[in-house]
Every structure is written in C-alpha cells, then in structure tokens.
Amino acid sequence: MNSAPKDVTGYTICLNDCTGMDAVTDAGIAASDWRGKKMTIKQLLSFTAGLLLAGKLLAAAPAEFVQVEDGHFTLGGAPYRFAGANYWHGGYLAATDPERLERELDLLREKKITNLRVLALSESSAQSRSVSPTVIRAPGQFDETLQKGLDRLLVELRERDMKAVLYLTNFWQWSGGMTQYLAWHKDTEIIDPDLSGEWDAYMDSAADFYRCPPCQRQYLDATRTLTGRKNTLNGVRYRDDPTIMAWQLANEPRPGGSSFQADKAQDYIDWVQGSAGAIEKMAPRQLVSSGSEGIFGSQERRSVYVDAHDTPAIDYLTVHLWIKNWGWFDIQNAEETFPGALEKSRDYLQRHIEIAGDLKKPLVLEEFGVERDGGNFSPRSSTDYRDAFLREIYGVIERNSREGGPLVGSNIWTFGGYGRNGNDDYRWRPGDDFLGDPPQEAQGLNSVFDTDTETLGIIRAHAQALRADDAVSGKQ
C-alpha cells in the first residue's frame, strides 16, 4: 500500500495518492466534511463502514503471485494446491450486497475454499436470459458501479488470503459474450438459443468472433483497460495485484458447433494463442489460461485442444466435467447411469492429466458438478449423488497430487451461499438474488448453499487432504 490517512479526527493528511481514502469518500462524505459538521445517522454509519474498510486495507498482509515452475503451481516458493469454487457473480454481489459478500467469503474461507473463478467483463445484450446490468454497456462504455464492485471483491479476497481467476468474456449468451461483440461490429442477427433451441447454430455463430478483427480489438482494448485499472479502494493496479492468480480468455471458448471444419478450428487456435500472448504482455506478473472445457469443448478433437494450448503464453490447462450436459448421467435414472458416468469421468480426467504432463503444465478442473437429487432446485432437497460425485472426483485429484502429477486444483460449479430465489419457476429476473447458477439456468440447479453442510464438509476435507500432501512433502 502506498499511503493511508494520517489523521481521521481532523482534516485528512494523505501521503502520495491517498490510497484507501476512496473507501471513505465513496460513502458520500468528502474529506473536508469530516470535522466541524453534523452527520445524520445514515452518514455516520456510512462513515464508519468506510473507516472499517480503510482499516482492512491497512491490515491486509502482503501477498505473493502464484507462479508456474517446472510444470507445477507455486506460491512463495512452496507448492500451491487448492480447493476452489465458481463465483461468477462475485463482482456483482460486491456492488449490490457487500454485507452478504463478506458473510459468504468468511464461510468459504472457513471451509478452506480459497480460489474463486469470477466473471470480470460482461456485455450488454438483448438475449432473453442474459444478465443485467453489465460491465460493458457499449463499445468503450463501462459501468463504474460494477467495476467498483470488482474492486471491492479483490480487496475482500486479499484480506482473507484468497485468490481469483478472472475471465474476460463468454462463449455463451448469459453474460452477453462473443455474440454481442459480433452484434456491435458486424450487425449480426443474434441467435437466442434459450428461445429457439438452436444451440448448434448458436455455437457456429459465436465462433465467428474468431474471424472478426474489430470484435477482437474491442475485446483486447477492454482487457487492457481492466488490467490497467487502478483499484479505487487500495490504489493497486489490477496487473500488479497478486490476489489475481490468472486472467482467463473466456468462459468455455469453443471452435464452433458439431460440424468440424479444419480452417475454422485453426482460427480458434490462432485466437487462443494470439490473445494469450497479448494478455501476457499486459499483465506479465500474473498467469494466463484459456477457460477451455478440454477435449469435449474442442469439437472432441484432442489435437485442437493440444494445439491451442501448446504455447508459452498459456501457463496452465483447464478442463471442465459435465456428466449431465454431455449425456453421461440422468438424474431421473440415477442408479443405472451413475456408475458409467463415474467411469467416463475418470477416463476423461486421465486423458487431460496425460496431456498436461506432455505439455509440462499444471491442470485445473475448473467446472464440475451435479444437480440436486431428483432434479430439484430447492435448497431443502438432498444432494446424495452430487456428494458421491465430489468424493470420487476429489479422490482423483488427491491421488494425482500425491503422485506429483499436474492436477492439483479445482473449482466446483458453483457457490450460491446465502442467496435464495423465491420465484415459482426458479428463473432469475433483474433484482433477484444472484446465485451461482447463471441467469439462463434454473436457480438452484447446481448451487451449493450455506445449508448444504455435507457438501461443504466434503470440500473442506478435500482441501485439508491437499494441505496434508504439502506437509508430507515437507515443502509447506
């Protein structure tokens, strides 16, 4: 931290750029109003909250950057292994309900869930189930309230010694994503798959982003703006903040739909490698990853996945695992389909472990989950199959970790915390609580709530097992 208020009982005396003071002035009280003026109760409470946040900034311990050394994550010279969660709405929650944010981060920290994957940039879209508001309102126009929310999230994470992975756009429609860039720059008619059901056509359309130079220029311009942003609460530029473990190109970028075309797949490969190289230069102290689902998200071609990631600009590999979406598991026929789904899951992960070993890069399972028993959405419903799935997958990670393999981190999909959806149809609408389930999905579909004590206990035990591996190795 560069500076701090020296005297908050009289007029403010700041050093350098008054780092930390925005926490107070954002409460609506100018520094010159601090002394000799009466405050309303509301002002006093806001003022006190600002001082508390400023105090957190002063007390935050120095942090170090996650690095990759010899194909493994390290932090402060020691192995870095983690149990994490998807928290796409973290910046949104910080902007709209900071009290709930703090409670949820405290709960996550207590359960040793210390790595969060977060949506950093969303694009304004007319899609029927796209989130609103968005960070990017139009080309070059940003929502400062949401950006300040991300500022606050990073400060709160740093206070708890947690890390963030920030993804920069979306292949899917629920946050605007690549098709919105096309709408802005090519006057493309957007396919709304939630209304039409034309998912394959949508994927082919979204992949045109890789052949749209002005789309990519805006994407990189927005990324440059974000990486260079100065946090309004602690004065640290994002590119210099060790709280940010990695920048991620997109959420689940794919080369296209089900029909493979080699030239279009090459466009995708070129985009992954080129964008990663550009972002590496923007933020050289932080890691870069793609956000890929793995082979399944590469039109089921191993070569496409390998070629896209065979570049020094990609620091680690990602893989997602969706046994329902990929047709391996049917919750309505769970007893019969679950064993086969587990077998396919183990095989899928092993294939990516081998690829990561060949490329000498770490591997993160950054999306995986199972819906609640019976396909229910209520937090009161059971999660027996989800819990059994987690035990199995965490076992794979723990074994690979003990063997010195590349798979040493994961982010469960997804954390809903204290949020609740009160709609009879379980659909998200503007003004509703943000849950881990994005707006196009039933709210409660995959969210882990604060009341899911068995699930949270399984995650905590997994995190402890990874730490035990470090203790046995004598490196931490």
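Here are some notes on the packing, ring pairs and charge pairs in this predicted model.

1. Start with the nonpolar core. The largest one has 109 residues, and Leu 116 and Leu 321 are the two with the most contacts inside it. If you want a helix to look at, go for H12, residues 334-359, which gives the most to this core, with ten residues.

2. Setting aside neighbours within four places in sequence, its contacts include the aromatic residues Trp 326, Trp 328, Tyr 348, Phe 368 and Phe 389. Leu 349, Leu 365 and Ile 393 are also among the contacts of Leu 321, and so are Ser 345, Glu 367 and Gly 369. Of these, Ser 345, Tyr 348 and Leu 349 have numbers that fall in the range of helix H12 (residues 334-359).

3. Next, the rings. A search of the whole structure turns up 34 aromatic pairs. Take Phe 171 and Tyr 202: their ring centres are 6.5 Å apart and their planes meet at 75°, so this pair counts as edge-to-face. Phe 171 belongs to the loop between strand E8 (163-167) and helix H6 (178-186), while Tyr 202 is in helix H8 (residues 199-206), so the pair ties together parts that are 31 residues apart in sequence. Are these two buried or exposed? Phe 171 is buried, with a relative accessible area of 0%, and Tyr 202 is buried too, at 0% relative accessibility.

4. Phe 209 and Tyr 210 make another ring pair. Here the centres are 6.0 Å apart and the planes are at 80°, so once again the pair is edge-to-face. Phe 209 is buried at 0% relative accessible area, and Tyr 210 is buried at 6%. Both also belong to a cluster linked by ring pairs, together with Tyr 181, Trp 184, Tyr 219, Tyr 268 and Trp 271.

5. Arg 117 has its charged end over the ring of Tyr 167, 4.5 Å from the ring centre. Arg 301 lies over the face of Phe 260, and the distance to the ring centre there is 3.8 Å.

6. Now for the salt bridges. Side chains of opposite charge can pair when their charged atoms come close. How many salt bridges does a search of the whole structure find? The count is 23. One of them joins Arg 158 and Asp 241, with the closest N and O atoms 3.8 Å apart. This pair links distant parts of the chain, 83 residues apart: Arg 158 is in helix H5 (residues 144-159), and Asp 241 is in the loop between helix H9 (213-227) and strand E9 (244-248). Asp 241 counts as buried, because its relative accessibility is 1%.

7. Asp 267 and Arg 211 form another salt bridge, with the closest N and O atoms 3.0 Å apart. Asp 267 is in helix H10 (residues 262-282) and Arg 211 is in the loop between H8 and H9, so to speak two distant parts of the chain, 56 residues apart. Both ends count as partly exposed: Asp 267 at 22% relative accessibility and Arg 211 at 27%.

8. Then there is Glu 293 with Arg 254, a salt bridge at 2.8 Å, N to O. Glu 293 is in the loop between strand E10 (287-289) and helix H11 (302-309), and Arg 254 is in the loop between E9 and H10; the two are 39 residues apart. Glu 293 is buried at 2% relative accessible area, and Arg 254 is buried at 12%.

9. Last, a serine. Ser 447 is in the loop between strand E14 (415-417) and strand E15 (448-449), and at 0% relative accessibility this serine counts as buried. Its side chain reaches the backbone nitrogen of Gly 436 at 3.2 Å.

Notes: Residues are numbered from 1 along each chain as its sequence is written. This is a predicted model: local features need pLDDT of at least 70, side-chain atom pairs count only at pLDDT 80 or more; totals for chains, interfaces and linings use all residues. Side-chain values use heavy atoms; hydrogens and water are left out. A nonpolar core is a set of buried Ala, Val, Leu, Ile, Met, Phe, Trp, Tyr and Cys residues joined through side-chain atoms within 4.5 Å. Buried means under 20% relative accessible area, exposed over 50%, partly exposed in between (1.4 Å probe, protein chains only). Helices (H or I, at least four residues) and strands (E, at least two) are DSSP runs, numbered from the N terminus. Contact means heavy atoms within 4.5 Å. Rings of Phe, Tyr and Trp (its six-membered ring) pair if their centres lie within 6.5 Å; planes under 30 degrees apart count as stacked, over 60 as edge-to-face and the rest as tilted. A charge sits over a ring if NZ of Lys or CZ of Arg is within 6 Å of the ring centre and within 35 degrees of the ring normal. A polar contact is a pair of N or O atoms within 3.5 Å; within protein, one must be able to donate a hydrogen and the other to accept it, and residues adjacent in sequence count only if both atoms are side-chain atoms. A salt bridge is a side-chain nitrogen of Lys or Arg within 4 Å of a carboxyl oxygen of Asp or Glu.
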